[in-house]
Amino acid sequence: MRQEPTICYSEQISHAVNDIVEKFPKRVDVGIILGTGLGQLIQHITIEKEIPYEEIPYFPVSTVESHKGKLIFGKLEGKSVVAMQGRFHYYEGYSMKEVTFPVRVMYKLGIQHLFVSNAAGGLNPDYQIGGLMVINDHIDLFPENPLRGSNLDDFGVRFPDMSEPYALGLVEKAMQIAKNNSLEIHQGVYAAVQGPNLETKAEYKYLRTIGADAIGMSTIPEVIVARHMDLPVFAISAITDLCSPGNIKKVKIEEVLAAAAKAEPGMGIIIKELIKTL
Ligand code: HPA
């Protein structure tokens with residue numbers, strides 16, 4: 001266990017940022033958080049520096065030995081990026097402040113855009129396994145909000161606007177890139193629950209009824225915090241299982257990972273081409 005003095009959250013962020021800047025003193029333009037089974041994009045980054053999470057003060061660390069995370073700094077399509085290899089999920093037991101700590105840190109490192117990917121279940125009956133959904137809005141069903149508690153005035157306002165959490169200009173560009181590359185693509189509403197269990201048939205029906213096209217267990221906390229700081233966000237889901245009536249089967253993690261692997265090349269093209277346009 002790491003022993004660190006107890007200091008307030010903003011100071012923890014500053015400590016983490018100062019430490020990273022000492023190790024990698026260059027500016028970064030884009031932050032990238034990659035979802036379950038969607039880490040291949042990192043292979044396209046010309047890596048300049050890797051910093052394991054456990055070497056960054058106050059950074060959350062993975063409790064699973066085999067799952068060590070790190071920040072990867074480098075160049076992607078000419079832009080300086082920082083990618084998180086390994087993200088933190090609420091269902092793992094992290095608090096919302098821990099889940100979103102890296103987003104605050106990346107913001108302080110200077111990122112101008114946040115890119116997020118995830119694996120999600122397809123509620124919309126038009127969706128296919130291995131397809132992609134660009135997120136154009138969300139429904140937050142987590143039991144806790146990352147902004148709960150004293151407002152971090154240095155980062156944003158008490159009541160941040162959420163009328164356009166996803167940069168719609170980037171959504172349109174992504175749809176065009178997908179079409180140019182003949183990729184199976186949709187845009188839609190992502191809902192997130194805490195997990196870790198998957199949903200019942202009645203819950204899938206409910207989620208569809210309230211307006212969701214895809215369902216997952218991540219992304220929304222990071223997006224809320226990014227929008228608190230007025231950071232433009234692009235997010236995309238790989239559809240890994242079908243949750244529409246008549247299509248619901250028992251979900252096996254191997255099948256989710258196989259579907260993510262199928263969706264991944266297309267997702268990589270979209271993210272790279274979008275980053276090129278920034
Ligand atoms: N439900 C919730 N989260 C998920 C699913 C699902 O069906 N598929 C992938 N992540």
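Predicted model: local features only at pLDDT ≥ 70, side-chain atom pairs only at ≥ 80, totals over all residues.
Local features need pLDDT of at least 70, side-chain atom pairs count only at pLDDT 80 or more, and totals for chains, interfaces and linings use all residues. Residues are numbered from 1 along each chain as its sequence is written, and side-chain values use heavy atoms, with hydrogens and water left out.

The space it takes is the largest pocket. A pocket here is an open set of points on a 1 Å grid over the protein atoms alone, where a 1.4 Å probe fits and protein lies on both sides within 12 Å along at least five of seven lines. A molecule sits in a pocket if more than half of its atoms lie within 2 Å of the grid points.

Which residues surround the ligand? They are Ala119, Ala120, Gly121, Leu198, Glu199, Tyr204, Ile215, Gly216, Met217, Thr240, Asp241 and Cys243. Each has a heavy atom within 4 Å of the ligand. This shell divides into seven nonpolar, three polar and two charged residues; Tyr and Cys count as nonpolar, and Gly as polar. Strands β5 (113–122), β8 (214–216) and β9 (233–242) each supply at least two of the shell residues. β5 gives the most, with three. Strands are DSSP runs of E with at least two residues, helices are runs of H or I with at least four, and both are numbered from the N terminus.

Now look at the polar contacts, pairs of N or O atoms within 3.5 Å. A ligand nitrogen is 2.6 Å from a side-chain N or O atom of glutamate 199. Backbone atoms take part as well. A ligand nitrogen is 3.2 Å from a polar backbone atom of glycine 121, and a ligand nitrogen is 3.5 Å from one of alanine 119. Taken alone, the ligand exposes 260 Å², and the protein buries 94% of that. These areas come from the Shrake-Rupley method with a 1.4 Å probe.

The structure holds 11 salt bridges, each a side-chain nitrogen of Lys or Arg within 4 Å of a carboxyl oxygen of Asp or Glu. One of them joins glutamate 50 to lysine 70, with the closest N and O atoms 2.8 Å apart. Glutamate 50 lies in β2 (residues 46–52) and lysine 70 in β3 (residues 70–76), so the pair ties together parts 20 residues apart in sequence.

Finally, follow the backbone. Most residues other than glycine have a negative phi, and most peptide bonds are trans. Tyrosine 58 has a positive phi, near 70 degrees. Tyrosine 58 lies in the loop between β2 and β3. The peptide bond from glycine 195 to proline 196 is cis, with omega near 5 degrees. Proline 196 is in the loop between β7 (185–192) and α4 (201–209).

Conventions:
Polar contact = N/O pair within 3.5 Å; in protein donor to acceptor, adjacent residues only side chain to side chain. 1 Å grid on protein atoms, 1.4 Å probe; cavity = no way out; pocket = protein on both sides within 12 Å on 5 of 7 lines; lining within 4 Å.
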